[in-house]
Amino acid sequence: MQCYICSGSMAKVQKDVETTWKGKTVIFKGLDVYVCTACGEEAYEPDDVKAMQYFIEGAIKKDEYPEIMNVAEVADFFRVSNQTVYNMLRAGKLPAVKVGREWRFVRDEIKAMVFGQGQESQSIELVARDNGAGLSKKDADIISKHLSDM
Ligand SMILES: [Zn+2]
């Protein structure tokens, strides 16, 4: 691989990549990064870039939902159909309350299923390192759905 700036050779290394959004620092740990041995320019694996975009978008998007979410909003958050949300409810896999005939969800609880309780960078770290061992099947399915949409 050649550096697109100086045509120097790029060496593949594993390192932590720091980025910021909304004043918070997000660290993706152990990413494969190509570093130019001549000018120091860095390049990332396309899959890693997608994963980083997904998490940063997801982290921003989750702030836009109301504190109490309905089925359609939860489906949108996970990018699944409403029916999938109902199936998950029936299987007891979603924290929810029934108000009259309608299901309602606490945003922070839904969010915590993906990001963990107040540990966003930690769950991002897990995913950035995804080698099939760090993620549950369900998480991996959700992420692959997101990525195939991009
Ligand atoms: Zn270079």
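In what order do the three strands of the open sheet stand? The order is 4-6-5, and the pairing is antiparallel. Strands, like helices, are DSSP runs numbered from the N terminus (E, at least two residues, for strands; H or I, at least four, for helices).

## Model and confidence

This is a predicted model, in which local features need pLDDT of at least 70 and side-chain atom pairs count only at pLDDT 80 or more, while totals for chains, interfaces and linings use all residues. Residues are numbered from 1 along each chain as its sequence is written.

The pLDDT, which is the predictor's confidence in each residue on a scale from 0 to 100, averages 77 for the chain, and 72% of the residues score at least 70. Two residues are in contact if their C-beta atoms, placed from the backbone, lie within 7 Å.

Strand 4 and strand 5 are the edge strands, each pairing on one side only. Pairing requires that DSSP find at least two bridges between two strands. Strand 4 (residues 68-69) runs antiparallel to strand 6 (residues 102-106) and is joined to it by two bridges; here Ile 68 stands opposite Val 106.

Three bridges connect strand 5 (residues 97-99) with strand 6, again in the antiparallel sense. Lys 98 has Trp 103 as its bridge partner, and Val 99 stands opposite Glu 102. The hairpin of strand 5 and strand 6 has two residues between the strands, and Gly 100 takes a positive phi near 65° there.

## Packing of helix 2 and helix 3

Helix 2 (residues 71-78) packs against helix 3 (residues 82-90) at an angle of about 100°, and their axes are 8 Å apart. Helix 2 is therefore roughly perpendicular to helix 3, a term that covers angles of 65 to 115 degrees. Axes are lines fitted to C-alpha atoms, for helices over the stretch in contact, and angles run from 0 to 180 degrees between N-to-C directions.

From helix 2, Val 71, Ala 72, Val 74 and Ala 75 meet Asn 82, Thr 84 and Val 85 of helix 3. The residues of this contact comprise five nonpolar, two polar and no charged. Ala, Val, Leu, Ile, Met, Phe, Trp, Tyr, Cys and Pro count as nonpolar, Asp, Glu, Lys and Arg as charged, and the others, Gly among them, as polar.

Conventions:
Parallel < 35°, antiparallel > 145°, perpendicular 65-115°, else oblique.
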